[in-house]
Amino acid sequence: MKTPLLVIGGGLSGLAAAVRVARFVPDVLILEKHSRIGGLNSYFYRNKTLYETGLHAITNYAPAGEKTAPLNRLFRQLKLKRSDFPFCQQYQSEVIFLHCESLSFSNDFQLLESQIHQKFPQCVDNFQKLLRFLNSLDPFSPAPFCSAKKKLIEILGDSLLSEMLLCPLMFYGSSHENDMDLNQFAIMFQAIYQQGMFRPLGTIKNFLDQLIDHYQSFGGKIRKNTEVIRILHKDRAVSGVELASGEIIECDQLLSTIGSDETGKLLSDEPASPKARLGFTETIYQVKEVKGNQLPQEKTIIFYNSSEQFGYKNPDDFVDHSSGVICFPSNFHGIKKGEFIEIRATHLANYAKWKNISSDKNEYAILKAASSCKTLTCVENIVGNFSSNVVYQNSFTPVTIERYTSKIDGAIYGSPVKVKDGDIGFNNLFLAGTDQGFLGIVGSMLSGVSIVNQHVLSKL
Ligand SMILES: Cc1cc2nc3c(=O)[nH]c(=O)nc-3n(C[C@H](O)[C@H](O)[C@H](O)COP(=O)(O)OP(=O)(O)OC[C@H]3O[C@@H](n4cnc5c(N)ncnc54)[C@H](O)[C@@H]3O)c2cc1C
């Protein structure tokens, strides 16, 4: 028997797409290569403690009553109850360009406006002009790449403010070096500055478990440890997939959430050569809470840059410590602090360099430790000393991301070329997730939902 819809990938886009379809056609099947669901946004255990792999904060915060907000639209499409998901809003975040300027922002947009008033008084009118321009833009209509950086400098007339506004949005969703697509900028501007950031009260595991239970309550199925190695097709029509075990599963419709070039590899023995991608490292420090520590108590995320010019590009060295993101997952409203707190620090990293040494386990471990040490110094320089209270630390490189999600070059934001309509030239195969162009947790879930709404539901 043919499965009406197969979904390759059990990350958040695949899960959301599958829930949406299972509401109407229960026989949906998710095929996930790994033993755990969640993809980039999953979790692991060390020393009997659960660590989240990818969660700093969820973007697109909206109160439950705001009917048209993307978060609430997503919940309605998935038939999820907001009251089943207690969310905690960020305290306040900050962009710090060291020795230069800083800007705070929160889920109240007025804070950012007042910061610009105070620190960039010459740009106040131009900032309002930028808001009017973004308001008039339809960022979801397919358009060729347009430089957000150029447009910002043109409207704001101030390169420092432009770079400072770009910094968090690039770190949380640009697959382009030193720039960002204007439409992506508009989406992320609204998601981060105008709507804001939050996290679930529990862990990402609780969030994923709730989604999986909901999906299964409609009759949806998941097969873990199930790698798709080939997509079977003829004359632009897909008939099914071949698994690593040799098993063939036939389907009417196929949705791939693993990336466009990654999907290309399953379609052809000679896939197109992928475009250059951006890699990241992250170190998680578990820190003992001690009375009187100097760490920021009310800052949720700090985006920093210590160079004269903010650079967002593949570094020449293993890691670029000159800029990064520092996240305090316990600094959200409603999160109770325990005996330990976490500090997470993220930087751009060079995939090829890490890959080259990864076959030498010893050398790889030494370089990872050295990089984490340098990260610690950079972070302490900004948030105060905490190294004497670190009880455990764990870090990943782009090679880790590649190993656990099969993303080419371990690139979290995938290919710089996005397929906005999810159409890759087949009658019954579509693309959702990272390479469709909506990034982050809410973005990838909306991607899954919008692609099945557009291309799949009416055909089942
Ligand atoms: C360190 C880090 C921090 C992040 N921080 C945030 C944050 O704070 N806020 C936020 O909103 N977003 C954050 N993100 C981004 C967010 O996690 C992703 O944008 C989102 O989860 C992408 O989901 P996806 O479904 O598109 O892709 P993926 O999560 O990559 O899902 C694809 C799935 O496909 C599976 N797969 C691949 N190949 C095959 C195959 N051949 N057969 C079967 N299965 C296959 C993979 O194992 C994976 O599970 C972060 C990501 C990382 C890594």
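1. The shell around the ligand has 13 nonpolar, 18 polar and 5 charged residues by class, where Ala, Val, Leu, Ile, Met, Phe, Trp, Tyr, Cys and Pro count as nonpolar, Asp, Glu, Lys and Arg as charged, and the others, Gly among them, as polar. A residue is taken as near a molecule if its C-beta atom, placed from the backbone, lies within 6 Å of it. Of the 36 residues around the ligand, those that come nearest are G9, G11, G39, G433 and G440.

2. On the basis of the model, please note that it is predicted, that local features need pLDDT of at least 70, that side-chain atom pairs count only at pLDDT 80 or more, and that totals for chains, interfaces and linings use all residues. Residues are numbered from 1 along each chain as its sequence is written.

3. The protein chain is assigned domain 1 (3–84 + 202–273 + 415–459), domain 2 (91–195) and domain 3 (276–405), with bounds that come from an automatic or database domain assignment. Domain 1 and domain 3 each give at least three residues to the shell around the ligand. The centres of domain 1 and domain 2, taken over C-alpha atoms, are separated by 29 Å. Between these two domains, 12 residues of domain 1 are in contact with 10 residues of domain 2, a contact being a pair of residues whose C-beta atoms, placed from the backbone, lie within 7 Å. The side of domain 1 that touches domain 2 divides into 5 nonpolar, 5 polar and 2 charged residues.

4. At the level of secondary structure, α1 (12–22), α12 (398–405) and α13 (440–456) each supply at least two residues of the ligand shell; helices (H or I, at least four residues) and strands (E, at least two) are DSSP runs, numbered from the N terminus. Helix α1 is largely enclosed by the rest of the structure, because 11 of its 11 residues are buried. Here a residue is buried if 20 or more other C-beta atoms lie within 10 Å of its own, exposed if 12 or fewer, and partly exposed in between, with C-beta atoms placed from the backbone. The cover over the buried residues of α1 includes β1 (3–8), β2 (28–31), α2 (70–77), α8 (204–217), β12 (248–256) and α13.

5. Residue A17, one of the buried residues of α1, touches V7, L255, A432, G448, V449, I451 and V452 when residues up to four places away in sequence are not counted. In the largest nonpolar core, which has 119 residues, the members that touch the most others are V7, A17, A18, L169 and L255. A nonpolar core is a set of buried Ala, Val, Leu, Ile, Met, Phe, Trp, Tyr and Cys residues joined through C-beta atoms within 7 Å. Helix α7 (residues 182–195) gives this core its largest share, 9 residues.

6. Strand β6 (residues 93–97) is also worth a look, since 5 of its 5 residues are buried and the strand is therefore largely enclosed by the rest of the structure. From β6, S93, V95 and F97 point one way, while E94 and I96 point the other way. In a regular strand the side chains alternate between the two faces of the sheet. An antiparallel pairing over 5 bridges joins β6 to strand β7 (residues 101–105), where two strands pair if DSSP finds at least two bridges between them, and the bridge partner of S93 in β7 is F105. With strand β14 (residues 301–305), β6 pairs in the parallel sense over 4 bridges, and F97 has N305 as its bridge partner there.

7. Several backbone angles deserve a check. Most residues other than glycine have a negative phi. In the hairpin of β6 and β7, which has 3 residues between the strands, H99 takes a positive phi near 60 degrees. N47, in the loop between β3 (43–46) and β4 (49–52), has a positive phi near 50 degrees, and N47 is exposed, with 9 other C-beta atoms within 10 Å. D409 also has a positive phi, of about 55 degrees, but D409 counts as buried, with 23 C-beta neighbours inside 10 Å.

8. D409 is found in the loop between α12 and β18 (429–431). Leaving aside neighbours within four places in sequence, D409 is in contact with R277, G279, Y351, P398 and E402. D409 and G279 are 130 residues apart in sequence, yet 7.1 Å apart in space, C-alpha to C-alpha.
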